[in-house]
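Work through these exercises with the sequence and the model side by side. Each task is followed by a stepwise solution.

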Protein chains: 4
Amino acid sequence: MNDDLTVSDIQAMLDQSPFIRFAGVECLSVDNVNLQVVMKQVMRPEMERTPGSGQWHGGPIAALIDTAGDFAVVLSVKSGVPTINFRTDYLKPAFTPALIATATVRRVGKTVGVVDVDVTDDTGQLLAVGRGTYSTKAG
Amino acid sequence: MNDDLTVSDIQAMLDQSPFIRFAGVECLSVDNVNLQVVMKQVMRPEMERTPGSGQWHGGPIAALIDTAGDFAVVLSVKSGVPTINFRTDYLKPAFTPALIATATVRRVGKTVGVVDVDVTDDTGQLLAVGRGTYSTKAG
Amino acid sequence: MNDDLTVSDIQAMLDQSPFIRFAGVECLSVDNVNLQVVMKQVMRPEMERTPGSGQWHGGPIAALIDTAGDFAVVLSVKSGVPTINFRTDYLKPAFTPALIATATVRRVGKTVGVVDVDVTDDTGQLLAVGRGTYSTKAG
Amino acid sequence: MNDDLTVSDIQAMLDQSPFIRFAGVECLSVDNVNLQVVMKQVMRPEMERTPGSGQWHGGPIAALIDTAGDFAVVLSVKSGVPTINFRTDYLKPAFTPALIATATVRRVGKTVGVVDVDVTDDTGQLLAVGRGTYSTKAG
């Protein structure tokens with residue numbers, strides 16, 4: 001029996017959350033071997049830093065990092081996991097119609113999972129990096 | 001001449017940002033001596049973790065930490081400052097109609113400012129803590 | 001029965017570790033109600049940043065933060081706890097014969113404990129801050 | 001004129017610091033294009049967590065992360081840089097005679113540089129990860 005999670009499985013879980021659905025997070029791909037997910041988030045006016053600038057406010061970028069990191073651990077744990085903590089480093093102002101977040105598990109154990117998240121624009125230019133710790137204890 | 005920033009000054013700066021205005025961040029108080037700001041954010045349906053639960057998704061909590069921390073540094077620098085990085089630790093699930101964030105500068109220098117942010121519910125129970133670094137270089 | 005840990009208890013635990021003993025960490029006080037420990041570390045030549053400068057290298061400061069944070073959680077858990085992760089922010093160059101670290105638990109739960117650590121010189125001037133997460137699961 | 005830094009250049013800078021020399025940090029390689037350094041640190045008795053265990057205390061691991069991250073930025077800036085902050089995540093207990101730290105710059109700008117550091121044993125097994133921010137302003 002294969003209990004790998006598919007893009008559709010992850011998207012369905014994402015869409016259960018009003019906040020994530022509002023943010024419009026789309027799951028682009030999953031890799032159950034390397035425990036990696038790729039997600040996309042398209043700009044909406046409520047997420048701009050200054051009006052009409054096309055620049056992302058940092059808040060939605062951090063939120064995307066948290067979400068993408070979380071679901072990378074979900075690939076291993078097979079159910080929702082609470083975030084313990086995460087760090088966001090903004091590397092460049094983010095003027096791009098869509099953010100792409102690639103979250104890769106660095107280590108998952110019985111207590112916690114640790115994930116790295118790279119956020120780029122749609123040309124692959126690195127805009128922000130995140131690192132999060134998630135609880136993997138059975139709930 | 002007194003160049004202290006008032007609650008109204010900060011609120012006006014907050015309201016310039018579409019994201020912060022959407023989030024509904026309200027400045028409750030400023031302390032120009034201790035470089036501390038207190039901000040409030042009221043739940044709206046788009047910020048729930050699961051539908052009808054009344055629980056905040058972590059994303060808006062992290063975004064509030066970033067914003068509150070930023071404006072604590074603004075009290076010193078007198079203009080907007082970019083976030084370099086910040087860390088969010090979630091301490092308890094946040095079931096509360098309103099988040100209160102208290103941001104206190106720990107050190108502000110010529111390059112960076114470091115801020116601690118405590119997030120509580122409206123009874124003072126601690127829900128999350130943040131720590132951020134902001135660029136203070138003249139732009 | 002009172003199972004509060006005393007300064008002597010903590011010092012005995014500290015001294016079991018070759019690294020901590022080499023660093024010369026001394027427990028000054030414990031507060032079992034607020035889950036707070038205060039520790040002191042005196043400069044030794046191997047811990048200087050540059051020869052004869054009297055400036056602490058950042059490494060020993062970070063290590064002291066990790067240790068002090070750990071033992072604040074030990075006050076609650078009553079046994080050694082592994083560090084999951086921690087963050088160190090250096091606020092000022094540390095020219096002081098002795099570092100004082102005050103570690104205060106912000107939240108301790110069944111999975112993790114979160115601790116803030118302030119590092120000052122012996123006049124109380126803030127030099128660095130730390131924030132750590134420790135595993136509290138029964139081993 | 002080529003102002004690339006060599007392994008010898010970096011080693012000479014490392015050896016100027018009493019703490020780093022005591023820790024025995026050895027520069028194994030430098031990559032001036034990708035801004036990456038690899039460093040090695042061999043166990044000494046003062047760095048054990050418990051006597052005779054062969055396990056590294058977390059303090060020296062964190063210190064190595066800070067140092068390796070710092071020198072990755074040095075490849076770009078060509079002189080010593082102060083650490084602003086860094087995060088250490090311990091992934092596995094470290095029982096190994098030698099730690100290998102690979103530090104890679106993710107972004108270097110006029111104010112700060114951001115670096116990722118992976119720490120492995122000498123077989124390549126990942127033990128800890130670090131992420132640091134360093135000041136790049138001309139002193």
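**Exercise 1.** Through which surface do the copies chain A and chain B meet?

*Solution.* The model is predicted: local features need pLDDT of at least 70, side-chain atom pairs count only at pLDDT 80 or more, and totals for chains, interfaces and linings use all residues. Residues are numbered from 1 along each chain as its sequence is written, while chains are lettered from A and ligands numbered from 1 in the order in which they are written.

Step 1. Compare the interface residues. Of those in chain A, 100% are also interface residues in chain B, so the copies meet through the same surface.

Step 2. Count the contact, where two residues touch if their C-beta atoms, placed from the backbone, lie within 7 Å. Chain A brings 28 residues and chain B brings 28 residues.

Step 3. Assign them to elements: DSSP runs, numbered from the N terminus, with helices being H or I of at least four residues and strands E of at least two. On the side of chain A that touches chain B, helix 2 (18-23), helix 3 (58-77) and strand 3 (83-90) of chain A give two or more residues. Strand 3 of chain A gives the most, with eight residues.

**Exercise 2.** What rotation superposes chain A on chain B?

*Solution.* Step 1. Superpose by least squares on the C-alpha atoms of residues with pLDDT of at least 70 in both copies. The rotation is 180°, with 0.0 Å of shift along its axis and an RMSD of 0.0 Å.

Step 1. Find the C-alpha of chain A nearest the axis. It belongs to Arg87(A), 2.1 Å from the axis.

Step 2. Look at the strands. Strand 3 of chain A and strand 3 (residues 83-90) of chain B pair in the antiparallel sense over five bridges; pairing requires that DSSP finds at least two bridges. Thr88(A) has Phe86(B) as its bridge partner.

**Exercise 3.** How many residues does the contact take from chain A and from chain D?

*Solution.* Step 1. The contact takes 10 residues from chain A and 10 residues from chain D.

Step 1. Strand 3, strand 4 (98-108) and strand 6 (126-135) of chain A each supply at least two residues of the side that touches chain D. Strand 6 of chain A has the largest share, four residues.

Step 2. This side of chain A divides into four nonpolar, one polar and five charged residues.

Step 3. A turn of 180° and a shift of 0.0 Å along the axis give an RMSD of 0.0 Å. That is the relation of a two-fold axis.

**Exercise 4.** Which strands are the edge strands of the open sheet of chains C and D?

*Solution.* Step 1. Write the order of the 12 strands: 1(C)-2(C)-4(C)-5(C)-6(C)-3(C)-3(D)-6(D)-5(D)-4(D)-2(D)-1(D), with antiparallel pairing.

Step 1. Read the edges. They are strand 1 (26-31) of chain C and strand 1 (26-31) of chain D, and each pairs on one side only.

Step 2. Check one pairing. Strand 4 (residues 98-108) and strand 5 (residues 112-120) of chain D pair over eight bridges in the antiparallel sense. Ala101(D) has Val119(D) as its bridge partner.

Technical notes
Nonpolar A, V, L, I, M, F, W, Y, C, P; charged D, E, K, R; others polar.
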